[in-house]
Amino acid sequence: MTTQQTQSPMATRQPTYTTYHGVTLEDPYAWLRDANWREAMHDSDRLHPEIRRYLDAENDHTHAHEKRLRPLTDTLVSELRGRIPGRDSGVPVTDGPWCYYTRFRDGGQHPIFCRAPREDAATNDNTREQILLDGDAEANNYDYFNLGGVAHSRDHTLIAFGVDTRGAEAFDIRIRRIASGDDIQPPIPNTTGGVDWSAASDFVFYVTLDSEHRPNKVWRQPIDAGPEAAIAIYEEADPGFFVGLDTTQSGAFVVINAHDHETSEAWVIPADAPETAPRLIAARQTGREYEIEHAGDTFIIATNADGADDYKLVYAPINAPDAVNWQPLVDHAPGRLILEFIEFAQYRVRLERVDALPRIVYTDKATGVEHTVDFDAEAYSLAIQAGIEFDTTTLRFTYTAPDTPAETYDFDLATGQRTLRKRREIPSGFDATRFRVWRVHAEARDGARIPITVTAHADTPLDGSATCVLQGYGAYGISEPAAFSSHRLSLVERGMVVATAHVRGGRERGQAWYEAGKLAHKPNTFSDFIAAAEHLADTGFSRRGRIAALGGSAGGMLVGAVLNQRPDLFGAAVADVPFVDVLNTMLDASLPLTPPEWPEWGNPRDDAEAFTTIRSYCPYQNITAQTYPPILAIAGVSDPRVTYWEPAKWVAKLRATKTDTNRLLLKTHMGAGHGGVPGRFAALDEIALIYAFLLTELGVIPAEVETA
């Protein structure tokens, strides 16, 4: 470990006190939350001067360290960029007479959206290409530019796309005529960024955000008029629910989805009768989730109803879709989690996960016969892509593993034949035989088996001498994929072991795995990660004090919690937009995500047990006077998900409380949000900083290299 080399910023203490359930909380750094934070999200110049001065001081402190690391970060950026093709293109997706695809020009930051005649898809003939949207050109004159959804109309004459130029995830939707390249109306402001089209391409549907940045209202707008002609067709009254839009694979229905983290509800609108009022499928029932698709005269529904924790498929008549009419189609099987399903005209496809590994199952509707697409690897990841067309026998899927760059296949559901359409290119070269991948298991404190995906160079000794980066997330039922990362080759090729702990709170082992890592069981997430670190040390992959903890967002909370509980295990830590002030955030119902988050974490305002549980692990609340490893934290003023003051307060309290002189850095983006800086290459500087921090703090690169 290296120590602080320059004077660290020290935030002033201005304690505030609040009392809940008979417990008084002191918050010495609550002043870092700007009263005008909503305005500052869109313009950091609106920050209170005292808050801005502190964040600038932290950034200056971090920048001074970045300058010392510049030779190393320059090398890393060159490596990272060398693994990204200068020119790249996606596999075309067919729709009627056209095939649509994206590509990047040499050195381009943003995608170019294109199409060509359908018959050109099989020959890769681009001579008749039409450029629909040039992301690089659109990004000119903006310091921040991020594209949301891009969708062509069903009659192939228009495109609609969302643009965020502030990083706050509030998109302006623009509608453009393909033939002329002209926008046909003023931008539609303050949306989630995507649209769904009516069958005749004469209306668009979209979702807007409320004053608390929650997606809550669905609008229908005629194409021949501007936003002032839009009509609100659905408004969500419950502040704990978010609203989204989708279209069935058949194209017959536009679907409105309302949901929190445990309950959902769907409404449908016939795409060929867009002015029809939305029709409810089944009224929300707490704890019941469902998603719908359409085939013929039925709706196909994936649901956890009636104790089907890992989901089942049912069907119901289009004219009577309420839950009382749901009939079994694919029974629930505990331990087999149905992740996703696609309803084609002749086939039904499911993506499932069993024992932390995914698989594809497809059914011939005419015969009812099921088939499974098999893969032979210890750990891997799959994604299925529905495409646009309904009456097709082609399923597209992507396969990747920690030692296998992404491979995109077209799978013929009628013949079972796979056709490789694209293998991700690594221009600087990649030899899979130089790397090893394991799926190992740690034993949790209650006996649960925690899967860990481990990758190392073939020459790395497994005698405990290697350093290790251990990543985790463990929230919202989101599973960490066992996927290839070209970036992390910069760590593995320097002898580091890279591992992912598939802790409880994700769905790697089904819904029960998720339930065992949320609400009152949330502490399992942190103890699982600690068990994984101990297992890696005990089995020779690394050793205590030589492991780095890495996580973002809720994974950043994981990092903060385990550093409080077992700082001796870790030699460094990176917390990216970390959700580290969870107790204060969940106590404040005025924040955008708080009511929707209560089903995940608990409501500490009204529930004394939830208050006690969250307080017991909240990273900010549990900082103590002890030795912490070197820490790098990253935040964004425009972040609507994890507000900037959470990492700022956490770092301020750590610096004032910890007993060591190990490095503590906070980097706050003044004009970016939760996803950081957009663009293929713009983000590489930050990745290089993270890797340089880990490599030097863990001693993989000698400390003297910092000042070379």
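**Reading helix packing and a pocket**

Modeller: In this predicted model, α6 and α7 cross in a right-handed manner. The residues that make this contact are Thr 525, Phe 526, Phe 529 and Ile 530 of α6, together with Met 557, Leu 558, Ala 561, Val 562 and Gln 565 of α7. By class, the contact has 7 nonpolar, 2 polar and no charged residues.

Biologist: How is the packing of two helices described? At what angle do α6 and α7 pack, and how far apart are their axes?

Modeller: In general, two packed helices are described by the angle between their axes and by the distance between those axes. Here, helix α6 (residues 523-538) and helix α7 (residues 554-565) pack at about 70 degrees, and their axes are 9 Å apart. The two helices α6 and α7 are therefore roughly perpendicular to each other.

Biologist: Which residues of α2 and α11 meet, and is the crossing of these helices left-handed or right-handed?

Modeller: The axes of α2 and helix α11 (residues 645-657) come within 12 Å and cross at roughly 70 degrees. That makes α2 roughly perpendicular to α11. The crossing is left-handed. On the α2 side, Tyr 54, Leu 55, Glu 58 and His 61 meet Ala 648, Val 651, Ala 652 and Arg 655 of α11. This contact divides into 5 nonpolar, 1 polar and 2 charged residues.

Biologist: How do α2 and α12 cross?

Modeller: Helix α2 (residues 49-82) and α12 have axes that come within 8 Å and cross at roughly 115 degrees. The crossing of α2 past α12 is right-handed. Among the contact residues are Leu 69, Leu 72 and Leu 76 of α2, and Ile 687, Ala 688 and Tyr 691 of α12. By class, there are 13 nonpolar, 3 polar and 4 charged residues in this contact.

Biologist: How may one find where empty space is left? What is the volume of the second largest pocket?

Modeller: Rolling a probe the size of a water molecule over the atoms shows where empty space is left. In this model, the second largest pocket has a volume of about 1100 Å³. It is lined by 43 residues, of which Gln 471, His 487, Arg 488, Asp 576 and Ile 687 are the closest to its centre.

Biologist: Which element gives the largest share of the lining of that pocket?

Modeller: Helix α12 does, with 5 residues. The elements that give two or more residues to this lining include α4 (489-492), β36 (547-552) and α12 (684-697). By class, the lining of the second largest pocket has 21 nonpolar, 15 polar and 7 charged residues.

Methods:
Residues numbered from 1 in each chain as written. Predicted model: local features only at pLDDT ≥ 70, side-chain atom pairs only at ≥ 80, totals over all residues. Heavy atoms only, no water. Axes fitted to C-alpha atoms, helices over the stretch in contact; angles between N-to-C directions. Helix = DSSP H or I, 4+ residues; strand = E, 2+ residues; numbered from the N terminus. Parallel < 35°, antiparallel > 145°, perpendicular 65-115°, else oblique. Left-handed = near helix turned anticlockwise from the far one by under 90°. Contact = heavy atoms within 4.5 Å. Nonpolar A, V, L, I, M, F, W, Y, C, P; charged D, E, K, R; others polar. 1 Å grid on protein atoms, 1.4 Å probe; cavity = no way out; pocket = protein on both sides within 12 Å on 5 of 7 lines; lining within 4 Å. Points joined across faces, edges and corners; volume = space filled by probe spheres on them.
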